[in-house]
Amino acid sequence: MTNLRVRELIKSRVSLAPMAGITDYVLRSLVREYSKTCLITTEMISSEALTQVKDTNIVERADNHSPISYQLSGHKPDMIASCAKYLEKYADMIDINMGCPVNKVVKGTDGCALMRNPVLAQRIVRTVKHNINIPLSVKFRLGYTYDELNYVEYGQKMQEAGVDFITIHARTRSQMYGGKADWKKIAELKRNVDIPVFANGDVVSPMAAAECLEQSNADGVAVGRGALGEPSLLHRIEEYINKGNYILPPTLEEKIETLKRHLRKEVEFRGEDAGVKFCRKFYPYYVNNFTGASKLRGELVLINDLNKIFEKLDKILKHEDINSLQYGD
Ligand SMILES: Cc1cc2nc3c(=O)[nH]c(=O)nc-3n(C[C@H](O)[C@H](O)[C@H](O)COP(=O)(O)O)c2cc1C
């Protein structure tokens with residue numbers, strides 16, 4: 001039964017990977033404007049923080065965000081389970097973070113540190129599973145270091161404990177985000193578990209997604225950084241891998257229009273000052289690939305007034321030969 005529900009949630013074969021400070025309500029809404037069917041995931045939600053404060057905008061969602069998975073981090077089985085229970089009213093699926101490499105997180109035995117403690121990880125999974133009536137997934141890496149590549153055995157243990165779905169980032173914790181994701185290794189996990197597996201890491205284009213699926217034999221792909229500056233990427237990937245339909249990447253003009261929508265929505269969501277400041281991290285992904293882009297970004301980050309930012313962005317559209325600026329996959 002749960003198996004069928006998971007298959008329904010992941011049937012588009014593409015998911016938005018969780019990214020703290022990135023995949024907020026607004027980015028999820030933008031992704032959904034293009035892809036009606038991909039599984040979208042929230043940012044990592046700390047179970048400790050959610051236990052203290054329930055009234056937080058991190059859990060907000062829109063009706064059309066389904067299918068949506070809520071990711072929790074932590075290491076205390078009962079605490080994660082009660083947060084998962086609380087999130088059931090928002091979520092179609094709960095995901096547990098077992099891959100975050102950040103020092104602050106792994107020091108507290110959360111995130112990727114759980115890969116060194118499979119007994120605790122299994123306890124977390126069993127306790128959460130017992131408390132919720134929606135599917136449960138985990139996201140982990142190849143291992144903590146290259147000498148500790150335990151992802152196959154770890155995946156089997158997660159399945160045995162009751163996990164319904166796995167996303168695997170094909171890097172170790174030591175690699176952080178450097179080097180190249182090793183998609184071929186995922187095929188070994190696929191051979192050894194029966195639950196669906198999505199491959200993650202460096203899926204930045206429709207072609208990369210097809211190549212990743214070929215090498216990993218995974219059931220789908222999870223897209224992280226590729227969605228930065230291009231929320232339409234997940235739709236483009238779905239069209240390509242499911243229908244063989246190649247949609248061109250957005251032109252500069254389209255990217256600037258998307259940035260304007262992103263800004264407008266963040267300002268609605270957070271207020272003008274916080275919304276504009278929040279959006280600054282996205283400028284390098286939208287405003288690029290033309291002469292003078294870096295100087296312009298330097299100017300944009302100094303502006304707090306939304307209308308003034310729009311005036312500057314509109315100038316890009318008027319002064320550049322935008323048709324020659326499209327860039328390929
Ligand atoms: C800024 C940033 C924040 C991230 N936050 C999370 C997170 O909250 N939870 C998680 O499981 N992974 C997180 N990740 C990892 C991504 O989900 C993904 O596994 C990783 O970026 C590799 O995929 P990509 O090459 O498609 O980006 C984060 C990555 C980035 C770059």
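These are my notebook entries on what I looked up in this predicted model.

**Ground rules.** I number residues from 1 along each chain as its sequence is written.

I took helices (H or I, at least four residues) and strands (E, at least two) as DSSP runs numbered from the N terminus, and I called two strands paired if DSSP finds at least two bridges between them. Strand 2 (residues 40–46) pairs with strand 3 (residues 68–73) in the parallel sense over five bridges, and there Met-44 stands opposite Gln-71. Strand 3 in turn pairs with strand 4 (residues 93–98), again in the parallel sense, over four bridges, with Gln-71 opposite Asp-95. Strand 4 also has strand 5 (residues 136–143) as a parallel partner over five bridges, where Asn-97 stands opposite Lys-139.

I then checked the crossovers, counting one as right-handed if, with the strands pointing away from the viewer, the path from the first strand over the helix to the second runs clockwise. Strand 2, helix 3 (residues 47–52) and strand 3 form a right-handed β-α-β unit, and so do strand 3, helix 4 and strand 4.

**Burial of the strands.** I call a residue buried if 20 or more other C-beta atoms lie within 10 Å of its own, exposed if 12 or fewer, and partly exposed in between, with C-beta atoms placed from the backbone. In strand 2, five of the seven residues are buried. Strand 4 is largely enclosed by the rest of the structure, because six of its six residues are buried; Met-93, Asp-95 and Asn-97 lie on one side, and Ile-94, Ile-96 and Met-98 on the other.

**Nonpolar cores.** My working definition is a set of buried Ala, Val, Leu, Ile, Met, Phe, Trp, Tyr and Cys residues joined through C-beta atoms within 7 Å. The largest core has 71 residues, and those that touch the most other members include Ile-94, Val-128 and Ile-168. Helix 4 (residues 77–87) gives this core its largest share, five residues. A second, separate core has eight residues, among them Leu-259 and Tyr-283.

Beyond its neighbours within four places in sequence, Val-128 is in contact with Ile-80, Ala-81, Ala-84, Ile-94, Ile-96 and Leu-136.

**Ligand shell.** I counted a residue as near if its C-beta atom, placed from the backbone, lies within 6 Å. There are 23 residues around the ligand, and Ala-17, Ala-20, Met-44, Gly-224 and Arg-225 come nearest.

Most residues other than glycine have a negative phi, and most peptide bonds are trans. Phi is positive at Met-176, near 50°, and at Asp-202, near 65°.

Which of these two is buried and which exposed? Asp-202 is buried, because 23 other C-beta atoms lie within 10 Å, whereas Met-176 is exposed, because it has 11. Asp-202 sits in the loop between strand 7 (197–200) and helix 9 (206–216), and, residues up to four places away in sequence aside, it touches Lys-180, Ala-181 and Ala-208. Met-176 belongs to the loop between strand 6 (165–172) and helix 8 (183–192).

Note on methods:
Predicted model: local features only at pLDDT ≥ 70, side-chain atom pairs only at ≥ 80, totals over all residues. Contact = placed C-beta atoms within 7 Å.
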